[in-house]
Amino acid sequence: MAPKYKLTYFNVRARAEPTRLIFAAAGVEFEDVRVAGADWQALKPKTPMGQVPILEVDGVMLCQGVSIARFAAKETGLAGKTNLEQAQADMFVDEISELLPKLAGAVFASDEAVKAEKAKEVDKMIPEKLGRLEKLSGANGHLVGDSLLWCDLVVFNVAFNVENYKPGTLKNYPKLTKVMDTVKANKRIADWIAKRPETKF
């Protein structure tokens, strides 16, 4: 019997979206629970680490966004075909994951001086991170190997936010642009993007 997956997060893409994309790409059903801000304080003490996302697998609760996504990738065959591919995929994910919270800080900061300072940091980090990924990426529309892996989806999620933050950024990175195009061309991913809630981040 197939496991039952229940993913809980806020109504944003952010740290839960890679797992949603992984399940979507693999055609795996999951319960997509989106917690309203008003309900979070009641839920918080019931979570293992006082934070979301959390993934419940047949009643067992997992936390930490990247760990959850990595688990989902292993469950669905998107982690990598060999141990070496899996290590390469992890390498891409580890490199890009730091950018997402920094980007969120620049987007959502309410104080203008703080926002400007955060934006300055992000504007420096984006070309550094994307430049490294571009250098290491495969040229065939996949970061690693010749098929869709979870690292493609993690980078897609971050790059999607980068493009919203500063449109046209990806045109400077042709191999990463090709990865983005490959992900968007996946029918299951396209269907997910079409039906997912519209959110700022």
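# A tour from loop to helix

Start by selecting Asp58, which is found in the loop between β3 and β4 (60-63). Helices (H or I, at least four residues) and strands (E, at least two) are DSSP runs, numbered from the N terminus. This is a predicted model, in which local features need pLDDT of at least 70 and side-chain atom pairs count only at pLDDT 80 or more, while totals for chains, interfaces and linings use all residues. Residues are numbered from 1 along each chain as its sequence is written, and side-chain values use heavy atoms, with hydrogens and water left out.

**Stop 1**

Most residues other than glycine have a negative phi, and most peptide bonds are trans. Is Asp58 buried or exposed? Asp58 is exposed, with a relative accessible area of 54%. The cut-offs are these: buried means under 20% relative accessible area, exposed over 50%, and partly exposed in between (1.4 Å probe, protein chains only).

Now select Gln64. It lies in the loop between β4 and α3 (65-76). Gln64 also is not a glycine, and has a positive phi of about 80 degrees. With a relative accessible area of 32%, Gln64 is partly exposed.

Next, pick Val52 and Pro53. The peptide bond from Val52 to Pro53 is cis, with omega near 15 degrees. Pro53 sits in the loop between α2 (37-43) and β3 (54-57).

**Stop 2: Ile68 in α3**

Select Ile68, a residue of helix α3. Its relative accessibility is 1%, so Ile68 counts as buried. What does Ile68 touch, not counting residues up to four places away in sequence? Its contacts (heavy atoms within 4.5 Å) are Leu7, Thr19, Pro53, Ile54, Leu55, Leu62 and Cys63. For a distance, click the C-alpha atoms of Ile68 and Thr47: they are separated by 14 Å, with the two residues 21 apart along the chain.

**Stop 3: helix α1**

Select residues 17-26, helix α1. How many of its ten residues are buried? Nine are, so α1 is largely enclosed by the rest of the structure. The buried ones are Glu17, Pro18, Thr19, Arg20, Leu21, Ile22, Phe23, Ala24 and Ala25. Show what they pack against: β1 (5-10), β2 (31-35), β3, α3, α7 and α9. Then step past the end of the helix. Gly27 follows α1, and its phi is positive, near 70 degrees.

**Stop 4: α5 against α6**

Select helix α5 (residues 99-108) and helix α6 (residues 112-136). They pack at an angle of about 145 degrees, with axes 8 Å apart. Axes are lines fitted to C-alpha atoms, for helices over the stretch in contact, and angles run from 0 to 180 degrees between N-to-C directions. On the α5 side, the contact is made by Leu99, Lys102, Leu103, Gly105, Ala106, Val107 and Phe108. On the α6 side, color Lys115, Lys118, Ala119, Glu121, Val122, Met125 and Ile126.

Now keep α6 alone. It has 25 residues and reaches 36 Å from its first C-alpha to its last, close to the 36 Å expected at 1.5 Å a residue. The expected span is 1.5 Å times one less than the number of residues. Its buried residues are Ala119, Val122, Met125, Ile126, Lys129, Leu130, Leu133 and Glu134. What covers them includes α4 (83-97), α5, α7 and α8.

**Stop 5: Asn140**

Move to Asn140, in the loop between α6 and α7. At 40% relative accessibility, Asn140 counts as partly exposed. Leaving aside neighbours within four places in sequence, Asn140 is in contact with Gly145, Asp146 and Lys178. Its C-alpha atom is separated by 32 Å from that of Tyr5, 135 residues apart along the chain.

**Stop 6: helix α8**

Finish with helix α8 (residues 174-185). Its twelve residues should span 16 Å at 1.5 Å a residue, and the end C-alpha atoms are 16 Å apart, which agrees. Which residues of α8 are buried? They are Leu176, Val179, Met180 and Val183. These cover an arc of only 100 degrees around the axis, which puts them on the same side of α8. The arc is that of the directions from the helix axis to the C-beta atoms. Turn to the other side of α8, where Pro174 and Ala185 are exposed. Last, show the partners of the buried residues of α8: they pack against α6, α7 (150-165) and α9 (187-195).
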